Every structure is written in C-alpha cells, then in structure tokens.
Amino acid sequence: MSKKKLLKLLSYSFLTLVIFLLPLFIRQPYILHVLIMMGVNIILASSLRFIATSGQFSLAHAGMVSIGAYASPLLVMKQGFSFWVTFPIAGATSMIIACLIGYPFARLKGIYFTMVTLFLTEFIKLIAEQWRGLTGGVYGITGIPRPNAIIIPELLNVSFSSKVDFYYLALIMVIVTLLILYAIESSRIGMTFLSIQQSDLLAESVGVNSTGFRVLAFSIGCFFAGLDGAFYSHYLSAIAPGSFGFLLSIYAFIYMVVGGRRKFSGPIIGAIILTLIPELSRGFKEYEPFVFAGILLLVILLLREGVVSLPERLNKIIKRRFSHA
Amino acid sequence: MTKYFGGLAAVNGLDFDVSRGELVGLIGPNGAGKTTVFNLITGFIWPSKGKVIFKGKDITGQKPHLIAKTGIVRTFQATTLFSHFSVLQNIVAACYLKSEVNFWGAIFHTSNSLKKEEGVLRRAFEIVRFVGLEAFKDHPTRGLPHGYKRILGIAVSLAADPQLLLLDEPLSGMNAEEVDRAVTLIRRIWERGTTILLIEHNMRAAMNLCHRIIVLEMGRKITEGTPEEVKANKEVIKAYLGTGRHDT
Amino acid sequence: MLEQNLLNGLMSGWIYILVALGLTLVLSIVGIVQLAHGEIYMIGAYLVYYFCVIAGFRFFPSLLISIFCAGLLGIFLERFFLRAFRDDVEGAIISTIALILILQTAIVAIAGVGYKNIPSPIQGVLIVLGARLSWERLMTILVSIALVSALLIFINKTRMGQAMVAVSEDREAAALQGINVDRISSIAMFLGCSLAAAAGALTGAIFDLTPFMGGFALMKGIAVIILGGLGSIPGAIIGGLILGLVDGLVTALLSVQMASIIGLLVIILILLFRPQGLLGHE
C-alpha cells in the first residue's frame with residue numbers, strides 16, 4: 001500500500017476510534033449534546049445534498065423532518081408501539097409523502113421546484129399548528145418517552161437515561177445513513193442522478209426516466225429527514241411546530257452550501273462547523289446570525305465550492321506560486 | 001403529423017417514412033420545422049394531430065425515455081452534454097439502458113453488479129475508440145474543442161444502442177476537416193446497421209451521405225427523392241434562394 | 001363584520017401588490033432573486049417608527065422619508081453587493097440569505113426584539129350604507145393605489161420607464177440599443193425597495209412591528225408573483241387582489257389560520273398545474 005494511502009487509512013482509523021471512545025473521556029452533558037446535534041445536522045445536510053445530486057434544491061426538509069418528528073412519538077404514545085418500530089416507520093412516512101407529492105413536484109424545474117418546496121414546508125407547519133387533535137397544535141407534544149431500553153442480559157443495558165446512550169444512537173444513525181447514502185451515490189444510481197442534474201434532456205434521450213429518478217432521490221433524502229426528526233423528538237422529549245419552519249430548511253441548505261455541495265464530505269464538514277458556531281458564540285448570542293451571514297458571504301465570495309474545496313484551492317495557489325519561481 | 005404552437009403550425013400535415021437500413025436526410029430552410037419533427041418522433045413534444053409508428057407499433061404520446069428504450073435515439077441541435085463529466089464518463093452515464101441496473105444490487109455493490117459495470121466500462125471504451133476520441137477519454141468536456149463536443153454528442157447517443165438514430169445538425173460549427181471526420185463516422189455508424197435520419201444545413205455533406213432526402217418548408221414536405229432529384233427540384237431551389245441560404 | 005373583513009382583505013391585497021411589484025421589479029430588471037425583500041419591507045416600517053415616534057415627525061412626511069431612504073439603501077446594496085450575482089441564481093440565493101440575517105440582526109441590535117407600535121395617523125370610521133369602514137384601512141388602500149398608479153405612469157409614460165421594460169425583456173438587446181443597463185438596474189432597485197418599504201410602513205401603522213415581520217411579506221410577495229405570473233405587472237395586481245380577498249373572505253368565514261392554509265394550497269396547486277400563473281407566458 002502506498003505511503004499516502006496508509007497514512008489516510010491510519011488517520012481515518014484513529015478518528016473512528018476517537019469518535020467511538022469519546023464518551024469514556026468526555027462526560028459533560030453539554031458537550032455530548034453539541035456532538036449529538038452535530039450528528040443530527042450531519043444527517044440533515046447530507047440527505048439534503050443527496051437530493052441536490054439529482055439537480056433539485058429542496059427547501060422542504062424542515063417539513064419532512066417534522067413529519068418524522070411527529071409520526072414516531074404519536075405512534076409510541078397513542079398506539080403503544082416500541083420506538084424501534086416507530087423509528088423506521090417515521091422515516092417511511094416522510095418517504096411515502098415525499099414520493100406522493102414528488103411526482104407532481106418533480107415536473108417543475110429549478111427555482112419553481114424550490115419555491116413549491118418552500119410553500120410545502122409552510123403548509124406542513126400550518127397544518128401542525130392547526131390540527132390540535134393530532135399534533136397538539138402550536139404547543140406541540142411534550143413528554144415524549146425515551147427510546148425503549150435495549151437489554152441483553154449480562155451484556156448490554158441501554159436505558160437512554162443519559163446522553164451517552166443517545167450519543168451512541170446518534171453515532172450509529174449517522175454511520176448507517178452515510179454508508180447508505182454513499183453506497184447509492186457511488187453506484188450507477190448515483191451516476192444517473194448526476195446525469196439528470198447536468199442535462200435531463202440528454203438523459204431522457206438515452207432512456208433515463210428523469211422524473212422517476214428525481215422522485216427517487218427526493219424520497220430517499222426525505223426518508224433520512226424523517227429518521228432525523230424521529231430521533232430528534234425522542235431525544236428532546238418535546239417538539240413544537242415552531243422548530244420546523246422554513247428557517248430550519250434554510251439552515252440545512254446553508255450547512256450544505258458552506259461545506260460544499262459537490263463532494264460527499266461537504267455537508268458533513270458544513271454541519272460540523274456550523275453546529276459549533278452557535279456554541280462558540282454563546283457569549284454574544286444576538287450576533288450569532290451575523291457570524292452565520294459572515295461565513296456565508298466568505299464562502300460565496302471566496303470559496304464558491306465550499307469549505308471542502310479549500311485544500312484544492314490552496315494547492316492550486318501554491319502550485320502557481322512555485323511555478324513562477 | 002401536425003403540430004400547433006399557439007396559432008402557428010410548426011409541422012403541417014407531414015407524412016413520411018424511413019425504412020430500416022436507410023440513411024435519410026431531412027433538409028429545409030431555417031424554421032421549416034425539422035427539429036420539431038425530431039421532438040415529435042422522440043416524444044419530447046406531442047403532435048396536435050397524427051401518429052408516429054415505429055416497428056409497427058404506435059409510439060405517439062409516449063415519454064422520451066420509453067421511446068429511447070424502443071430504439072430511437074436523438075441528438076440535439078445545441079451541444080448538449082453532461083458538462084461536469086469527462087468524455088468517458090459521459091458515455092458511461094449514457095449506457096444506462098445497457099447497464100441492466102438492478103437497484104439493490106447497485107447499492108450493495110454485489111459482485112454481479114460490479115461485473116456488469118465492468119462490462120459497461122468496456123463498452124463505453126469501445127465507443128470512445130469507435131468515434132476517435134480515445135485520446136481525450138478522461139478530458140473534461142469543458143475544454144473540448146467544439147467539433148469534438150459534437151462528436152461526443154453522437155457517441156453519447158450510440159451508448160444507448162439505437163436502431164434508429166436521429167442526428168440534429170451534427171456538423172454544425174465544424175470546420176472542413178472536422179466535417180470530413182464526422183461524415184466518415186456517420187457512414188460507419190450506418191454501415192454497422194443503424195438506420196439514420198439526419199438534419200443538416202451543410203448541403204454538400206448531406207447530399208454525399210444520404211441516399212434519400214426529404215425537403216421541408218414551413219412545416220410541410222415539399223418534395224423527396226434522391227440527392228440529384230432534390231438538387232434539381234425547382235421548389236427546393238426557390239425555398240432556399242428565398243431565404244438566401246446556399247450550400248456550405 | 002363581513003364588510004370589515006372584506007375591507008381588510010382589500011387592504012391586504014394592496015399591500016401584497018406593493019410587495020409583489022417591488023419584488024418583480026428587482027427580479028426582472030436587476031435580475032436577482034431578492035430573498036431579503038421582506039427585510040426591506042421591515043426596515044421601511046422601522047424607519048417610520050424612528051422618524052415618527054422617536055424623532056417626532058408627522059406620519060406622512062415620515063413615510064416619504066422612509067421610502068426614500070429605503071430606496072437609497074437598495075441602490076447601495078445593488079451596486080456594491082448584489083450586482084455580482086446578477087445571473088447566478090445559487091449565488092443570489094445564498095447572498096440574499098446572508099443579507100436577511102444581517103438586516104434582521106442589525107434591527108434586533110438597534111431596536112430589540114420586542115413589539116413596537118406606530119400610532120395610527122388617522123382615526124375613526126367612515127360610515128357608508130350602514131357599513132363601518134375604518135379610515136386607517138381606507139387610507140392604506142388609497143395610498144397604495146396612488147403609489148401603484150405613480151409606478152404605472154412612470155413605466156408607461158416616461159423614457160426611463162420604457163427603458164426598464166426593455167431591460168426586463170432582454171438585457172443584452174437593451175444594452176445594444178444604448179440603454180445604460182446598470183443605471184436602469186439601480187433605478188429599478190430604488191423603486192422596488194421603495195415599494196417594499198412603503199408596504200411595510202403602511203402595515204406598521206396598523207399592526208405591531210417586529211424584526212421578523214419580513215418573512216410573511218416575502219411569502220405573500222412570492223405567492224402573488226406565482227399567482228399572477230412571473231414578470232407580469234397586471235398579473236401582480238390581479239394576483240394580489242385575489243390573494244388579499246381570499247385571505248379576507250376565508251378569515252371571515254373560517255379563521256385566520258385557515259386563510260393561510262387555503263392560500264398556500266392554492267399557490268401549491270397553481271405551481272403544479274399552471275406554473276406560469278394566470279397572466280404569465282409559457
């Protein structure tokens with residue numbers, strides 16, 4: 001194995017080890033909370049980017065998250081199902097709704113698609129606020145139970161009474177999500193998404209059902225948004241429609257763009273950085289949007305392809321400097 | 001077929017056929033409706049009146065990707081490529097119909113689907129070589145000279161393994177050398193058994209290549225026949241002289 | 001009761017028209033998806049608050065000053081910031097989102113998040129045929145009509161207005177005809193922001209102000225443009241009136257919330273089945 005590859009493998013292994021063993025050294029609930037929210041945001045941004053690979057910019061993500069965030073607690077609290085059953089069902093609910101509306105939506109191009117997803121998010125939020133019988137109205141749902149304990153006698157007793165348990169759940173969720181998204185993206189399916197994004201006319205002319213694939217990308221992305229929502233609601237134990245307005249959709253979009261839309265690792269980096277910012281700017285919370293805005297402007301004016309493109313850009317600049325020498 | 005856009009008939013009572021193994025040319029002044037005909041045949045737009053019949057089946061009103069599946073592939077008048085992909089990636093992507101993609105197999109990267117992808121890669125490679133772009137196979141489409149981009153467009157359509165290939169002004173913007181190479185390529189494609197219907201403004205090339213020519217003006221067929229017959233036809237001359245268009 | 005809701009609906013309609021016309025101007029002439037348009041609306045309201053309540057000027061002078069200042073702000077933003085993203089949709093979206101954050105936070109820092117109030121410039125009701133019509137709302141409608149009429153006269157009867165139409169149809173062709181596209185852009189931005197600020201100020205005279213009032217205006221503005229058709233001025237007027245009246249009627253018959261829901265549903269359906277809007281082109 002080449003030296004470069006060995007180095008890469010070692011650093012990834014080390015990173016993985018650190019991430020898995022973290023709770024042994026860090027037990028402060030606050031830090032664990034930030035890390036958990038990082039995980040939530042990574043899934044949020046990555047699933048949004050997945051949809052973007054097919055050429056669609058969706059602002060419906062907040063709505064899709066909220067569908068999962070309501071579905072799981074409602075099934076657990078009103079029908080008595082176990083979290084482990086309702087969790088995938090929540091994802092499936094978001095996915096099915098995405099699939100149903102995806103077909104008429106997918107015919108819309110570009111900015112029209114984005115606009116209709118924006119209105120959809122508002123629509124879902126309004127319904128959540130009005131349908132008091134189902135969703136608890138503006139006040140939402142409180143007292144959402146923790147995920148059912150996992151008990152394997154003499155091996156495991158995970159009761160989700162501490163943040164550490166949620167940390168590992170989030171970690172596993174993130175890993176599984178990223179693995180699945182990466183697997184799809186690096187397959188022919190992923191290539192077909194990219195081809196539709198670049199020219200859906202050309203893709204159609206060689207036999208690709210561009211509408212069908214767009215719906216597929218949208219549905220899969222929304223599935224993970226639903227899962228994210230379900231985790232979120234059982235983690236926080238209370239949700240309200242206010243958390244799922246179009247601001248959340250915009251944040252997801254920002255995580256994706258700041259990190260870098262074109263690479264798989266982009267939204268991950270974006271989510272990590274932008275989850276840390278509010279935490280680091282605790283002191284001057286009112287100015288937090290300024291910091292966000294500043295980062296957005298920096299990215300858009302200097303690093304169009306996002307933070308992940310920084311190494312490449314630096315390389316180019318360095319090469320140029322040295323070729324002049 | 002007839003197609004109305006608003007009150008105007010872009011194609012008006014047009015009726016023609018193409019037999020298997022032919023190399024037919026579709027010519028006419030600008031605005032005669034030629035690209036509209038291609039759009040109608042391949043399902044990108046649907047006729048106001050009339051039918052499209054392919055291999056005995058009525059394909060009118062079908063979606064473009066399904067028509068491509070039945071064996072009709074078209075290229076585009078404006079250079080249309082997957083602009084972020086390399087030359088080879090363009091063709092690999094366009095091998096979609098031939099990739100026998102199985103959703104779950106693809107996701108789990110099963111050895112079966114990996115083998116199929118290898119086959120696709122090999123096929124794409126052959127196509128790159130067939131059209132003469134192998135030296136550029138990893139080149140991004142962005143910096144490619146215009147003539148090569150047009151060739152790539154044809155290569156992309158070949159990836160879908162067409163029985164009937166509709167080429168929309170493949171030679172547009174090409175210099176003399178590029179035209180010669182492209183004409184050779186088109187002839188070789190035809191020799192391999194693909195039926196070709198060709199729109200071209202380059203008269204000399206069209207007359208050289210095609211066995212039969214259909215002439216359109218204002219959405220109607222004004223004549224058809226061999227190149228010699230068409231060249232001598234008075235109405236064709238009037239149609240072209242009227243717009244000041246001469247052969248290149 | 002019904003007539004009051006209808007009057008409210010009519011007034012909302014004209015406010016929506018002001019916002020939508022401003023947004024259309026910026027969209028089709030400057031060429032930017034100005035997502036911070038709602039924040040200009042909000043700033044218009046706060047400017048009047050400062051001139052009227054803090055500085056002590058009368059309402060109408062404050063309104064005029066605020067409109068003018070907002071216009072100037074718009075020119076500044078367009079010239080030094082937004083022009084770079086003229087045909088870059090993704091860039092425009094991102095930079096105007098940044099602008100939303102900046103403007104909102106600035107107002108929060110200056111004025112705080114609490115509700116502010118501008119005292120009503122006109123009190124009392126007009127009684128017509130037994131209906132009690134609030135003068136406040138009537139005034140809002142009349143001022144809006146005046147502003148829109150002024151805009152229409154400007155567009156149709158002046159050379160600059162016609163130049164704006166030319167730029168909105170084909171920027172390059174207009175440039176070739178000798179039109180100074182950059183200057184027309186600035187003027188369009190000035191007008192667009194002025195209209196938004198006027199809408200905000202008029203709304204602020206009736207309802208409470210908050211730094212977050214812009215989002216609502218933006219959504220309504222976009223909804224009207226979609227309903228009436230992108231780039232169509234008559235479309236924006238008709239669309240605004242329809243949306244406003246629907247809001248007013250549904251509020252009267254059902255509830256405010258149902259009005260929003262039905263309004264959204266209508267817009268979603270229009271986008272799905274007639275995306276070019278009522279008066280737009282294919």
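**Exercise 1.** Describe how helix 9 and helix 10 of chain C pack in this predicted model.

*Solution.* Step 1: two packed helices are described by the angle between their axes and the distance between the axes. Step 2: helix 9 (residues 214–228) and helix 10 (residues 233–253) of chain C lie at an angle of about 115 degrees, their axes 8 Å apart. Axes are lines fitted to C-alpha atoms over the stretch in contact, and angles run from 0 to 180 degrees between N-to-C directions. Helices are DSSP runs (H or I, at least four residues) numbered from the N terminus. Step 3: the residues in contact (C-beta atoms, placed from the backbone, within 7 Å) include C:Val224 and C:Leu227 of helix 9 and C:Gly239 and C:Leu243 of helix 10 of chain C. Step 4: by class, this contact has 8 nonpolar, 4 polar and 1 charged residues. Here Ala, Val, Leu, Ile, Met, Phe, Trp, Tyr, Cys and Pro count as nonpolar, Asp, Glu, Lys and Arg as charged, and the others, Gly among them, as polar.

Residues are numbered from 1 along each chain as its sequence is written, and chains are lettered from A and ligands numbered from 1 in the order in which they are written.

**Exercise 2.** Work out which elements of chain C touch chain A.

*Solution.* Step 1: 26 residues of chain C contact 26 residues of chain A. Step 2: helix 4 (89–111), helix 9 and helix 11 (256–273) of chain C each give two or more residues to this side. Step 3: helix 4 of chain C supplies the largest share, 12 residues. Step 4: the side of chain C has 20 nonpolar, 6 polar and no charged residues.

Key. This is a predicted model: local features need pLDDT of at least 70, side-chain atom pairs count only at pLDDT 80 or more; totals for chains, interfaces and linings use all residues. Two residues are in contact if their C-beta atoms, placed from the backbone, lie within 7 Å.
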